[in-house]
Amino acid sequence: MRRRDFARLIALGGSAALVPRNVFAVPPLAPTPQQPDERFWRTVRDQFLMPPDLAVMNAANLCPSPAPVLEAVYRNTKDIDADPSFDNRQKMAAGKDETRRLVAAWLRVTPEEIVLTRNTSEANNLVSSGLDLKSGDEVVIFSDNHPSNNEAWKTKSKRFGYSVSVIEQPNPHPGADFYVEAFTRAMTPRTRVLAFSHQTSTVGDVLPARELCRLARERGIFTLIDGASALGFMDLDLSAIQPDFYTGSAHKWPCGPKEVGVLYLNERAQRALHPSIISAYPGAVGSSRTLEAMGQRDEPAIIGFGEAIKFQNGIGLKAIEARSRALAQALITGLDRIDGVHLWTHPDPSRSGTIVTFRPGNLDVRKLAAALYQNDRIGCATRTGQDRPGIRLSPHIYNTMAEIDRAVSAVATYMRQGVS
Ligand SMILES: Cc1ncc(COP(=O)(O)O)c(C=O)c1O
C-alpha cells in the first residue's frame, strides 16, 4: 500500500486526538549527517505519530513505532486478511526469517542463535523453565531485575528445588568493580546460572555485562542478561559480550511493534535448553526449529520488527546510542541543578544509560506526574513506595533537546511552587 492510501485510511478512521499527525505524508528519513544536529533529530521525530506538543519520555516501558513500521504491520495484516489461504501466507514465514536475519546482524550474532518471542518476559521464562535445574543447584540473581526474571526464578525454585541467592543493588551505582567482586563472591561450585540486567529499568544502572559473562564462563556457569532496557538504545555486540542468553522486547527502545521479543542463545545454551512450548510453525534455522514452534504468531508484527531494525540501521546504531545518552545526560545535568531534587541515577555515563530517576523533594509523586502530563504534556513513569521513589524519565530518539529543557524547567517550577 502506498503512503498516500494509508494516510487517507488513517484520516477517515481516526479521530484527531487518536491520530494527531499524518506521518505517512512525511518523506522517508534523509541519511544521517556526520554530526547529527537538532534539525536532523526533528526529522526523526516527524516519523512518529505523537503530536508536536507531546513529549513522552517512557521508553523503558513502551516506545511508539515510526511510520515505516506502522505501515509494514498494516500492509502485511491487510495482505493476510485479504487472502488468509496457506498459499498466500507462505511468504509470511519467509518474512519472519528475514526479521531473524536482521536481528542477528543487528546484534552481531547468527540467525541460528535467534528465537523470536513475544517479549522479554517470555524470553526470560523460556530460560528459567527450560534449563535442567534441581536440588543442590544455585541461581544467582540481581536484586534490581524485573519480576519476569527474579520472581520467575524464585517461584520455579520451589518447584525444582534449586536455591536462589541475590546480589543487592546499592544506590548510587557503586561502580563496575563492586559488581565484579559481588558476583565473584556469590558464585560457588553449585552455581549454574547468573541472571542480571544490562541496564536496570528502575534507575538506569548499567552492569559490566562483558566482564560478568567472562567470569561466569570461566566457571562453566550460564549467563542470562535481561536486555529489555538496553536493546535498541545500546549499539550492542553480543559476539563481544558473549552471554549464553540475552533477552529483549521490540516494543521498547527498538521502536518495533508490540508483543514481539527476542531470545538470543549461543550453541552451548541451545544444547542445554528444553523447549517450554511445543506446537506448530517453528522457525527455519538453528534454535528456532525447536524453540520457536509456538503456534500461530502475529507475523505482520514480527515483520514490523525487521522494519524497526532497518529504521535503526538507517539512522545508525552509534548515532542512536550517542543521542539517547546525550538526552539523558542533559536531563541529569538540568535536574541536578534544581534545589531539593535527588537523583537516583548515577551521572557517570559509564554507570548509567538512558533512564533518569529522581526524587522530587517532598512533592507527591503521583500529583507531580499528573501535573507534568496535564499541564506540560510530558509523559513519565512514577515510582511509588519506599524503594527509590520518584519520577522516571527515559527519553529516546523521538525526543528533542527542547523537550528535555521543558521537562527540567517544569520540574523546577513545581519544586518552587508545589503541585496541587
Ligand atoms: C528490565 C526489564 N525486563 C523485562 C521487562 C518485561 O518486558 P515485557 O513486558 O516486554 O515482557 C521489562 C519491562 O519493563 C524490563 O524493564
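In which loop is the place of Tyr281? Tyr281 sits in the loop between helix 10 (267-272) and helix 11 (288-291), where helices (H or I, at least four residues) and strands (E, at least two) are DSSP runs, numbered from the N terminus. We will come back to this residue after a walk through the chain as a whole.

This is a predicted model, in which local features need pLDDT of at least 70 and side-chain atom pairs count only at pLDDT 80 or more, while totals for chains, interfaces and linings use all residues. Residues are numbered from 1 along each chain as its sequence is written, and side-chain values use heavy atoms, with hydrogens and water left out.

Let us start with the overall fold. The chain holds 15 helices and 13 strands. Its radius of gyration is 22 Å, close to the 22 Å that the globule rule gives for 420 residues, so the chain is as compact as a globular protein of that length; the radius is taken over C-alpha atoms, and the rule is 2.2 Å times the number of residues to the power 0.38. Along the principal axes, the C-alpha trace spans about 60 × 55 × 40 Å.

Of the 420 residues, 55% are buried (under 20% relative accessible area, with exposed over 50% and partly exposed in between; 1.4 Å probe, protein chains only). Among contacts (heavy atoms within 4.5 Å) with a separation of 6 or more, 70% are between residues 24 or more positions apart.

Now to the aromatic rings. Rings of Phe, Tyr and Trp (its six-membered ring) pair if their centres lie within 6.5 Å; planes under 30 degrees apart count as stacked, over 60 as edge-to-face and the rest as tilted. The count comes to 11 aromatic pairs. One of them joins Phe40 and Trp41 edge-to-face, at 5.1 Å centre to centre and 70° between the planes; Phe40 and Trp41 are both buried. Phe178 and Tyr179 also form an edge-to-face pair, at 5.1 Å centre to centre with 90° between the planes. Here Phe178 is partly exposed, with a relative accessible area of 31%, whereas Tyr179 is buried at 0% relative accessibility.

In the loop between strand 4 and helix 7 you will find Pro172, joined to Asn171 by a cis peptide bond with omega about 0°.

Next, look at helix 13 (residues 317-336), which contains Ala330. Ala330 is partly exposed, at 25% relative accessibility. Leaving aside neighbours within four places in sequence, Ala330 is in contact with Met401 and Ile404. Ala330 and Asp405 are 75 residues apart in sequence and 8.2 Å apart in space, C-alpha to C-alpha.

Finally, back to the backbone of Tyr281. Its phi is near 60°, a positive value in a residue other than glycine, and Tyr281 is partly exposed at 43% relative accessibility. Arg377 likewise has a positive phi, near 55°. Arg377 lies in the loop between helix 14 (365-376) and strand 11 (378-379), and counts as partly exposed at 27% relative accessibility.
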